[in-house]
Amino acid sequence: MGQNTEPQLPSTDQIRQRYQELARSWPTIPSVALLAFVAAEDRFFFERPPQNSTVTRQIGRWYLYPRAGKLQRVALSFVIGEALSHDEVINWYVNQVFLGQTCFGIPGASMAYFGKSIDDLKLEEIAYLAALPKAPMVYHPVRSYERAVDRRDFVLSEMLEAGFISSDEAESAIQTALVVREPLEQCKQEQ
């Protein structure tokens, strides 16, 4: 009784150390993929401090134990934003975010949905994966094809609006059918 049961926030050094530990196993993500996730989640991500982003707050959710309060998650987003650069924050997000099919991160999801390495994905495929964090089951490419395509096209339009891609690139990707592997795969879970 009377003891503080709130978890202590990690220091900026602890956040940096955790990021570096995780990043050792991550492949290099193509910049267009990073930009697709920025467009989908927070188009103004690079224009303000990382602490003010929904992307950083999401990482804070993963980092703290599930019962952590909203204020703790917000406070942690400030620590993360102080410890890491914009590029490191978006890299962490893209490599760890849940994308359905038991996949956490775009490398596994690219294989599960398309049977390809992240380096071999086309713009329309990258945009689809970037569309998934909002609601992977709602935008399931087989059960909800039209919704999936609409959300992918939204991401492409956000990328265009942000200046990440040209109008020709956006139009070409929007005109391309969403073709996923059949059947979809599940990601292998680390032991």
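Leaving aside residues up to four places away in sequence, D42 touches F37, R48, S53, T54 and V55. The model examined here is predicted. In this model, D42 sits in the loop between α2 (31-41) and α3 (54-63). Its relative accessibility is 6%. Buried means under 20%, so D42 counts as buried.

The side chain of D42 makes a polar contact with the side chain of R48 at 2.6 Å. The side chain of D42 also makes a polar contact with the side chain of S53, at 2.8 Å.

Helix α1 covers residues 12-23, and helix α5 covers residues 86-96. Their axes come within 11 Å. The axes cross at roughly 50°. The crossing of α1 past α5 is left-handed.

Residues from both helices make the contact. Helix α1 contributes I15, R16, R18, Y19 and L22. Helix α5 contributes E88, N91, W92 and Q96. Sorted by class, the contact of α1 with α5 has four nonpolar residues, two polar residues and three charged residues.

Notes: Residues are numbered from 1 along each chain as its sequence is written. This is a predicted model: local features need pLDDT of at least 70, side-chain atom pairs count only at pLDDT 80 or more; totals for chains, interfaces and linings use all residues. Side-chain values use heavy atoms; hydrogens and water are left out. Axes are lines fitted to C-alpha atoms, for helices over the stretch in contact, and angles run from 0 to 180 degrees between N-to-C directions. Helices (H or I, at least four residues) and strands (E, at least two) are DSSP runs, numbered from the N terminus. A crossing is left-handed if the near helix is turned anticlockwise from the far one by less than a right angle, and right-handed if clockwise. Contact means heavy atoms within 4.5 Å. Ala, Val, Leu, Ile, Met, Phe, Trp, Tyr, Cys and Pro count as nonpolar, Asp, Glu, Lys and Arg as charged, and the others, Gly among them, as polar. Buried means under 20% relative accessible area, exposed over 50%, partly exposed in between (1.4 Å probe, protein chains only). A polar contact is a pair of N or O atoms within 3.5 Å; within protein, one must be able to donate a hydrogen and the other to accept it, and residues adjacent in sequence count only if both atoms are side-chain atoms.
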